Amino acid sequence: FGVENCLIEVNPGNILLPPKYEEIGERILNLEVKFDDVWLVSYPRTGSTWAQEMVWCIINNLDYEGAKLLSQFRAPLLELTALFGNDKREWKNALGNSVEQVENMPSPRCIKTHLPWDLLPTQLKIIKPKIIYVARNPKDISVSYFHYCNLIHDFHGTYEDFCELFLHGKKGIASTRYEKIIWETFRHFAYLFMRINIKKRNYEYVTAPVGNIWKHVSEFWKRRHEPHILFLKYEDMKKNHKQTIAQVSEFLGKKFAEEEINGLIEHLSFSKMRQNPAINLEPILEKMYDSVERENAENKFIRKGQVGDWRNYMSNELSEKFDEMNEKYWNDIDLFFDN
Ligand code: A3P
């Protein structure tokens, strides 16, 4: 394996992405943006699925019947196609080309993306549709992402190994129960890429988290006062869900009665979302791992849903390294997560 086989360099931003991105990257940059679109942008594992369901329900006047459709078909992740590598199996084909799907969606469209500011459609910056950005404490993201990589990408390194990649950029090889994982970070911090080759199942998978989280967030934090941008923090959603729903509804020009809001809170509750196959990606995961017994059935896409879980994982030393990154990138712009 060589990194040259699994990654391409994308400018601007010097971000490495899977080769599949080449097929859609240009198309994404040139995507026709509509004024009544709602864009949900976030770094992975920030609670974006939770926010995505909230936003979709609000735009669609709490249509819980319609919400039974798999979320990828209602509020697609724009770059999903790039993340599936060359896996041509039926379930993947069923998901189709995510960019094409967005192009053909009826308005008002709800579009989710993890791409950083530089790689978003050019028209987004001109047409200025509503953009909701979701952020979360990087320490909690690192824990959540670690479990996610373990679940989806069969990452078998330790949490400390993962944080080394997340923070500093390293190369390495790890063994798995199938074959081996080649993982690679590039340049710095969270440029983490994995190429997983599970020969036993003839399965090749390439994915890419989307660059330095501190920069990803900064780009939106500094634009948060623009009227078409709403900046949300996962921690605030947890602390006062009702207020977040009110804030988002107002931002999207919707108004709901008290009991409707209570119904939405129930629909979005952690326990309901965890059981909801349209949201929790379990149907996709089941297909991905159909012939394989998952080692840790408790480790789900919607995992724990807590603020401050990093305290159960991080040593003081590691926590300080994250604090240094926060300080380096966010001190001047006054961005803090108080947990
Ligand atoms: P944890 O792994 O810390 O539990 P994303 O959707 O961006 O990948 O983010 C996933 C994170 O959001 C996971 O965090 C997941 O549990 C959390 N999450 C999803 N639905 C939630 C809900 N209804 N309430 C609280 N947290 C939720």
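# Exercises on a predicted model

By class, 6 nonpolar, 9 polar and 5 charged residues make up the shell around the ligand. The model is predicted.

**Exercise 1.** Find which residues of the shell are closest to the ligand, and which elements give two or more residues to this shell.

*Solution.* Start with the count: 20 residues surround the ligand. The closest are Ser48, Thr49, Ser144, Arg303 and Gly305. Now turn to the elements. Helix H3 (48-59), helix H9 (138-152) and helix H15 (270-275) each give two or more residues.

**Exercise 2.** Work out the strand order of the open sheet, and say which strands stand at its edges.

*Solution.* The 4 strands follow the order S4-S3-S5-S10, with parallel pairing. Strand S4 (110-113) and strand S10 (229-233) each have a single partner strand, so one side of each is left without a neighbour in the sheet. Those two are the edges. On average, neighbouring strands are turned by 20 degrees against each other, direction ignored. Next, look at one pair: 4 bridges join strand S3 (residues 38-42) to S4. Trp39 has Ile111 in S4 as its bridge partner.

**Exercise 3.** Arg45 and Asp334 have a positive phi. Decide for each: buried or exposed?

*Solution.* Take Arg45, with phi of about 70 degrees. Arg45 sits in the loop between S3 and H3. Within 10 Å there are 24 other C-beta atoms, and 20 or more means buried, so Arg45 is buried. Take Asp334, with phi of about 65 degrees. Asp334 belongs to the segment after helix H17 (316-330). Here 7 other C-beta atoms lie within 10 Å, and 12 or fewer means exposed, so Asp334 is exposed.

Methods:
Residues numbered from 1 in each chain as written. Predicted model: local features only at pLDDT ≥ 70, side-chain atom pairs only at ≥ 80, totals over all residues. Near = placed C-beta within 6 Å. Nonpolar A, V, L, I, M, F, W, Y, C, P; charged D, E, K, R; others polar. Pairing = 2+ DSSP bridges. Axes fitted to C-alpha atoms, helices over the stretch in contact; angles between N-to-C directions.
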